[in-house]
Amino acid sequence: MKKILTIITITSILFTACKKDNATPDFDEQNLASLSVEFDNIVGGRTLTFDNTAVPYTNATGEKFTISSIQYFISNIQLTTTDGKQFTVPQDSSYFLIKGADRASRFAKVKVPEGDYSKLTFVLGVDSLRSTMPVDKRTGVLDPALGGHDGGGMYWGWNSGYIFFKFEGNSEVITNDQFGDPTGKKQFKYHIGGFGGYSAPTINNIRTITVDLTNAGIAKVRKDRQSNIHLFVDLMKVFNGTTTFSIKTYPTVMFGEFSTVISKNFKDLFTHDHTEN
Amino acid sequence: MKLRYIKYFLVITVFAYACKKSEHIQEKVETFLGFQKPKNFPETAYNFANNPVTKEGFELGRMLFYEPRLSRDNTITCGSCHIQSSAFTQHGHDVSHGIEDRLGTRNSPPIMNLAWNKAFMWGGGIYDLDLFPISPITTHEEMDESLENVLNKLRSLDKYKSKFKAAFGSEEISTGKFLKALSQFMLMCVSSNSKYDKVMRKEGNASFTTTELEGYELFKQKCSSCHAEPLFTDNGFRNNGLVPSSINDLGLYTATLLATDKYKFKVPSLRNLKYTGPFMHDGRFLTLDAVFTHYAHEVQATENLDPLLNKNGIRGISINSDEKTKLMAFLNTLNDEEFINNKLLAEQ
């Protein structure tokens, strides 16, 4: 048995070697292969290091800050081939919680038809349909019990819904009064959620991100290799994407109007660095 | 369609009294037939298809409802703030009383007829009963525990393994099963056996007295547009003109951020008022008399005051003392003694 397996393996490796430069396979929704999207958190021109008080980061407003935690949901991944064919990853396999503190969580691993992809689309957050699903459908990263409410929890119990993007850290610019952090810890907390509401329309911070892969390398998805779309997620852009804001003015943003300003910056966080094929 | 669910779930508690007068022996024979929609009630809002009430699920839910491990320091249960003898409210407390003597900001509402509820909490925010318990469990002023810890505590106990298995087919204790079991218990907290209900269903020779009947007529003229029969709430959120509280609780606005929702609170049911005082979202009125005084004389012109309380430039509802007596008599017919004494709903 082992021998047969070895033969098969060797044969397939040989075939692989021959196939590599072959033409794009026909687009077949049944012919699935692995693809990963890597969410590599960075801060401006630097790598992400937690609580680096010795050399803090500096935002566009000139405020020095450190980061203690970053977590966000990525969902509803969709890919488009170079010739315009779209594939949407089935919903049940399309929810990912990217946790800055857990390197392994940075990959969103999906199965898509073999093909050459030049466009990636995903949602930062949890779509409204999934946000209102029965409790037994909320498993895996969507389990409301995950992470506890003080720690890594990404669920609001009092106002049913997920926190899409949770970003916390410290900055000396934060005052110790009620306009800053009354506990004196000089903490900033951005818990951005809001899917539009069950019945009445409420704030909607679901953001769809589209990344063009043409310039930095299309994803060639084949069964015999692992294609990885490597994205940079620049957390600095939270403060100066479409709108620049100051940590001192907005040290805590949760379920409130200003959250929509921050969520509009989200699209600026993502850039395609390269693709490993 | 709903009839199917009704059929599953009917609870009959038969009390067989042996030698009733001399022996005081009470034998209870229970046949669990599940959730029953009372004849005079409308269709339910809860999705029973996704969580049919079973005897095992209900009993597990009841155990969990009275389980102190749901709180961080294992001191309080759901039943601590929702006491059956007070129609599942916290009698005598204006605002709810959590662990370590922490005080919340709102009055503990009754666990009653929740199958007909579309929105939960005085200020909304939760629209699915199954997701409701997460809030009191995790709120700092209430149980201050994480759902993850609660589940881990339960997983360490053999008695729960067998109960979860009996209710849901496997020993696995998941968020979904835990919450669905709690829902099954809460859904069974149906109050539908007040004098009013018996009159409406024409049971036996139940009938209103003259005063009660006059009170009922007045009720229909002056109160029923918000406290709609037979649940005695329209399930809506309205500003009834209270002076904003010292913490300026903005009510529904907190959950929706819509300016038109400021100071709107859930319209509470008028069932079981005998047991559920104090009244209003912050328990500011200790007596029904104070509530009547509010509607008759103290309604404030705050933002989003309900138009029904501000007709023709006159705020409030005109109620003279004779009318008040009659209304009180009618409201008394909404108290359901069977509900607060139903042994099935008590801690076992």
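Contact here means heavy atoms within 4.5 Å. Helices (H or I, at least four residues) and strands (E, at least two) are DSSP runs, numbered from the N terminus.

This is a predicted model, in which local features need pLDDT of at least 70 and side-chain atom pairs count only at pLDDT 80 or more, while totals for chains, interfaces and linings use all residues. Residues are numbered from 1 along each chain as its sequence is written, chains are lettered from A and ligands numbered from 1 in the order in which they are written, and side-chain values use heavy atoms, with hydrogens and water left out.

**Helix pairs in chain B**

Two packed helices are described by the angle between their axes and the distance between the axes. Axes are lines fitted to C-alpha atoms, for helices over the stretch in contact, and angles run from 0 to 180 degrees between N-to-C directions. Angles under 35 degrees count as roughly parallel, over 145 as roughly antiparallel, 65 to 115 as roughly perpendicular and the rest as oblique. For residue classes, Ala, Val, Leu, Ile, Met, Phe, Trp, Tyr, Cys and Pro count as nonpolar, Asp, Glu, Lys and Arg as charged, and the others, Gly among them, as polar.

The axes of helix H3 (residues 55–65) and helix H8 (residues 175–187) of chain B come within 7 Å and cross at roughly 95°. H3(B) is therefore roughly perpendicular to H8(B). On the H3(B) side the contact includes B:Phe58, B:Leu60 and B:Arg62, and on the H8(B) side it includes B:Phe178, B:Leu182 and B:Phe185. Sorted by class, this contact has 8 nonpolar, 3 polar and 1 charged residues.

A second pair is formed by helix H10 (residues 210–222) and helix H14 (residues 321–332) of chain B, whose axes come within 7 Å and cross at roughly 100°. The angle makes H10(B) roughly perpendicular to H14(B). Among the residues that meet are B:Glu212, B:Tyr216 and B:Lys222 in H10(B), and B:Glu323, B:Lys326 and B:Phe330 in H14(B). The classes here are 6 nonpolar, 2 polar and 5 charged residues.

**Where chain A and chain B touch**

In the interface, 25 residues of chain A are in contact with 26 residues of chain B. About 2,000 Å² is buried between chain A and chain B, and carbon and sulfur atoms give 62% of that area. Buried area is the accessible area (1.4 Å probe) that two parts lose on being put together, summed over both.

The rule finds 1 salt bridge across the interface of chain A and chain B; a salt bridge is a side-chain nitrogen of Lys or Arg within 4 Å of a carboxyl oxygen of Asp or Glu. The side chains of B:Lys180 and A:Asp136 meet in a salt bridge at 2.8 Å, N to O. The side of chain A that touches chain B has 12 nonpolar, 9 polar and 4 charged residues.

**Backbone details**

Most residues other than glycine have a negative phi, and most peptide bonds are trans. The table lists some exceptions.

| Site | Feature | Value |
|---|---|---|
| B:Glu229 to B:Pro230 | cis peptide bond | omega about -5° |
| B:Gly277 to B:Pro278 | cis peptide bond | omega near -5° |
| A:Asn76 | positive phi, not a glycine | phi about 50° |
| B:Asp144 | positive phi, not a glycine | phi near 50° |

B:Pro230 sits in the loop between H10 and strand S3 (237–238) of chain B, and B:Pro278 in the loop between helix H12 (273–276) and helix H13 (288–298) of chain B. A:Asn76 belongs to strand S4 (residues 64–81) of chain A, whereas B:Asp144 is in the loop between helix H5 (134–138) and helix H6 (147–155) of chain B.

B:Leu288 is in helix H13 of chain B. Not counting residues up to four places away in sequence, B:Leu288 touches B:Leu273, B:Phe279 and B:Met328.

A:Ile218 lies in the loop between strand S12 (207–212) and strand S13 (219–221) of chain A.
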